[in-house]
Amino acid sequence: MTHLLLLRNAIAPREFLRLLAVGAYALIASLAGVFSLPVLDRDEARFAQATAQMLETGDMLHIRFQESERNKKPAGAYWAQAASVSAFSMPEAREIWAFRLPSVAGAVLAALFTYAIGASLFSRNTGTVAALILASAPGVIGEAAIAKADALLLAAVCAAMAALAQIRIAPSTGRPAPLWLAASFWTALGVGALVKGPIAPLIGIAAAMLISIGSPWRDIQRTLRPGLGVIILGLLIGPWLLAISAATDGRFLAESAGRDLLGKISSVQENHSGPVGYYVALAPIFLWPAAGAFPAALTAAVKRWRDPSIGFLLAWLVPGWLLFELTATKLPHYTLPLYPALCLLAAETIRMGSGRLLLAKAGAVLYLAASLAIAGFIVALSIYVSGTEARLPFFVTAIAVAAGAITIALAFWRNQTGSGLIGASIVSAMTIWLMLAGLSPQLDQLAVSRRIDEMLRAENIHPLHDGVPPAIVAGYFEPSIVFLLGTKTHMTDGAAAARLAGASNFAPAIIESSEATAFETELRILSGGSGQPRLDVVGEVSGINYSNGKKVGFVIYRVRPVAFDTAPASP
């Protein structure tokens, strides 16, 4: 509740409609792929499946994917998803949109708190533009559309920085910062830690330490009341952390802090690597609406770093960015909690004037290059997915993106940064909506798990809905198939799949082509060498496993056990 006071204090009553408009814009942008995208491999499917298992078992302490412990991230995001599914769906329905709603809420809250920060440090116009840029950024919309922890982490960091911004400006008002601001700061960091470990506290505490350097802000650390922070963090994190550590004999801390966090800093994990400068290169794509303002905004920030408000943004941005650039394991979304600072720098460029024409032209070139890369990706995607019959919508979308981008780039070129940023935000939001809600349903070749799930539903042999035994999957190990077909789904090789099928009454068997020979050979052995395996072919599914880029093909069987020579064709 205290964080709502930040939003209330950031606006006068007459400005309520402005805040409402920001929230509505962020909500609309965030919903782009929530209902249209199938459950995505691999992280989203693992998150959602672990949440489903919590709801199925009633065990809200352990985090598991089937029988394996998932000791990587704390339980906060899973609890949020569980609450959402309990309120709007049910675990056996496997409606992925219900698992995604907390991410949507995270993105909307992040935009609202970004507005509050901008309104506090600069002006309401700066806050509004920054919030619109953030809400429409591809990196933010992408995380809002999937059931993971990153959008919630973004919201927690923004909430903490909104409280810190109020504390930052308190001396200029002549009144001490109230206690509830310090409590809000530490509460937000605690929620962030419960969602994704130490990232939020590292960002928030580093920023607080940096902005406390120099007069007249030396008392910020005292104002933040570190003792209170220790108590709040302990109350929020301690009970669950102690319980999970005891339940796993210390494995959670060893794997989460050691193997996952420190391991990613020191070594490349799962082939996710990149050179120093990786996130700088990706920023114009993932923060696309702000790309045209980057040269002018960053130049102005360097010149005005002594300005308390600009220094606040740099204290938020620089330490975390350097840390992520130096970390061995790199993924595009790691810098997401730092994006609001960049958005605020870009928006503040409008208020103070975008600077020299040369910087505006550089921004125009950068924005256009990022836009053409996005348009090229849309075309390449339609070509890569050979099973897509209607490629025309992809090409039309790419042309529309390029045309809109050229118009926006011309605004930047003419040093019309204000209209350029607003236009870029609208173009970005519309593009992502077209891609996720309009084009993605046509990418059937990539939706392999969803098509298998739909076929089992249509044939009334779905383990979650039709009372048949757990599905048997050979040669395909993506977590999305477990989420869609149920926790007890068997994932194995062809020979083992045959043995499982031979002992099951009419269980569906989904056999990838690479395991088909082993599956059929073992079935013949089990049938006594008669050469007549007892199989009912339900259908076939082929496509592309986008997790590894390989083509896959499946035959879906309903297997009649050897003991049932006269078994019926359907359950």
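Reader: Why is H333 called buried?

Author: In this predicted model, H333 has a relative accessibility of 15%. Buried means under 20%, so H333 at 15% counts as buried. H333 is placed in the loop between α16 (308-326) and α17. Leaving aside neighbours within four places in sequence, H333 is in contact with E143, K148, D150 and K196.

Reader: What makes α17 largely enclosed by the rest of the structure?

Author: Eleven of the 14 residues of α17 are buried, so the helix is largely enclosed by the rest of the structure. Among the buried residues are Y339, P340, L342, C343, E348 and T349.

Reader: How do you know that the span of α17 is close to the expected one?

Author: Helix α17 covers residues 339-352 and reaches 20 Å from its first C-alpha to its last. The expected span is 1.5 Å times one less than the number of residues, and for the 14 residues of α17 this gives 20 Å, to which the computed reach is close. Just after α17, G353 takes a positive phi of about 90 degrees.

Reader: What makes C343 and C158 count as being in no disulfide?

Author: A disulfide requires two cysteine sulfur atoms within 2.5 Å. For C158 the nearest cysteine sulfur is that of C343, 9.0 Å away, and for C343 the nearest is that of C158, 9.0 Å away. Because 9.0 Å is not within 2.5 Å, C158 is in no disulfide. The structure holds zero disulfides.

Reader: Are C158 and C343 buried or exposed?

Author: C158 is buried, with a relative accessible area of 0%. C343 is likewise buried, with a relative accessible area of 0%. The limit for buried is under 20%.

Reader: Which residues touch the most other members of the largest nonpolar core?

Author: That core has 111 residues, and I117, L164, F185, F312, W316 and Y367 touch the most other members. Helix α8 (residues 150-173) gives the most to this core, with 14 residues. A second, separate core of 17 residues includes I461, Y476, L485 and V541.

Reader: Which residues does W316 touch?

Author: Not counting residues up to four places away in sequence, W316 touches several residues, including I117, V157, C158, M161, P337, L338 and L344.

Reader: How do you know that R94 is buried?

Author: The relative accessibility of R94 is 4%. As buried means under 20%, R94 at 4% counts as buried. R94 is placed in the loop between α4 (76-88) and α5 (96-121).

Reader: Why is β5 called mostly covered?

Author: Five of the five residues of β5 (residues 508-512) are buried. P508, I510 and E512 point one way from the strand and A509 and I511 the other way, and all are buried.

Reader: How do you know that β5 pairs with β3 and with β7?

Author: Two strands pair if at least two bridges are found between them. Strand β3 (residues 472-474) and β5 have three bridges, in the parallel sense, and the bridge partner of A474 in β5 is I511. Between β5 and β7 (residues 550-559) there are five bridges, in the antiparallel sense, and P508 stands opposite R558 in β7. Both pairings therefore meet the requirement of at least two bridges.

Reader: What phi values do D249 and N415 have?

Author: D249 has a positive phi of about 55 degrees although it is not a glycine. N415 has a positive phi of about 70 degrees and is not a glycine either. Most residues other than glycine have a negative phi.

How values were computed. Residues are numbered from 1 along each chain as its sequence is written. This is a predicted model: local features need pLDDT of at least 70, side-chain atom pairs count only at pLDDT 80 or more; totals for chains, interfaces and linings use all residues. Side-chain values use heavy atoms; hydrogens and water are left out. Buried means under 20% relative accessible area, exposed over 50%, partly exposed in between (1.4 Å probe, protein chains only). Helices (H or I, at least four residues) and strands (E, at least two) are DSSP runs, numbered from the N terminus. A nonpolar core is a set of buried Ala, Val, Leu, Ile, Met, Phe, Trp, Tyr and Cys residues joined through side-chain atoms within 4.5 Å. Contact means heavy atoms within 4.5 Å.
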